[in-house]
Amino acid sequence: MKLLLVWILNALALLAVTYLIPSIHVSGFVAALIAAAVIGLVNMLIRPILVLLTLPVTIVTLGLFILVINGLLFLLVGHVLQGFEVHGLWAGIVGAFLYSVISWLLSAIVLRD
């Protein structure tokens with residue numbers, strides 16, 4: 001039940017990002033649900049490999065390169081899925097950052113333990 005609630009909160013966070021950033025578009029709530037699931041899978045499967053491979057660059061940039069990795073993965077999901085569009089790397093970086101902040105805030109408010 002908690003996993004389903006977190007998935008819905010992530011979809012709502014993605015919809016909120018589309019209202020804040022004009023170069024990110026989601027066609028509807030179902031597309032937001034699918035995109036939230038794919039973003040979660042990409043962050044679980046691909047992101048750790050990229051973080052490990054780019055560790056020297058991440059160390060030199062004092063961790064700021066992680067933002068670029070998150071933006072690239074957000075952009076990748078936008079290119080793979082229909083109904084979810086991300087136009088440009090900067091939109092991906094800002095969108096991924098806002099998505100994580102809004103998702104965290106919604107989870108902190110709704111899922112108080």
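Helix H6 gives the largest share of the lining of the largest pocket, six residues. Helices here are DSSP runs of H or I with at least four residues, strands are E runs of at least two, and both are numbered from the N terminus. This is a predicted model, where local features need pLDDT of at least 70, side-chain atom pairs count only at pLDDT 80 or more, and totals for chains, interfaces and linings use all residues. Residues are numbered from 1 along each chain as its sequence is written, and side-chain values use heavy atoms, with hydrogens and water left out.

Back to H6. Its 22 residues, 89-110, should span 32 Å at 1.5 Å a residue, and the end C-alpha atoms are 31 Å apart, which agrees. The expected span is 1.5 Å times one less than the number of residues. Among the buried residues of H6 are Ala-96, Tyr-99 and Ser-103. Buried means under 20% relative accessible area, with exposed over 50% and partly exposed in between, using a 1.4 Å probe and protein chains only.

Now the lining itself. Of its 18 residues, Ile-39, Asn-43, Ala-96, Tyr-99 and Ser-100 lie nearest the centre of the largest pocket. A pocket is an open set of points on a 1 Å grid over the protein atoms alone, where a 1.4 Å probe fits, with protein on both sides within 12 Å along at least five of seven lines; lining residues have an atom within 4 Å of a point. H2, H5 and H6 each supply at least two lining residues.

Last, Ile-66, which sits in helix H5. Ile-66 is buried, at 19% relative accessible area.
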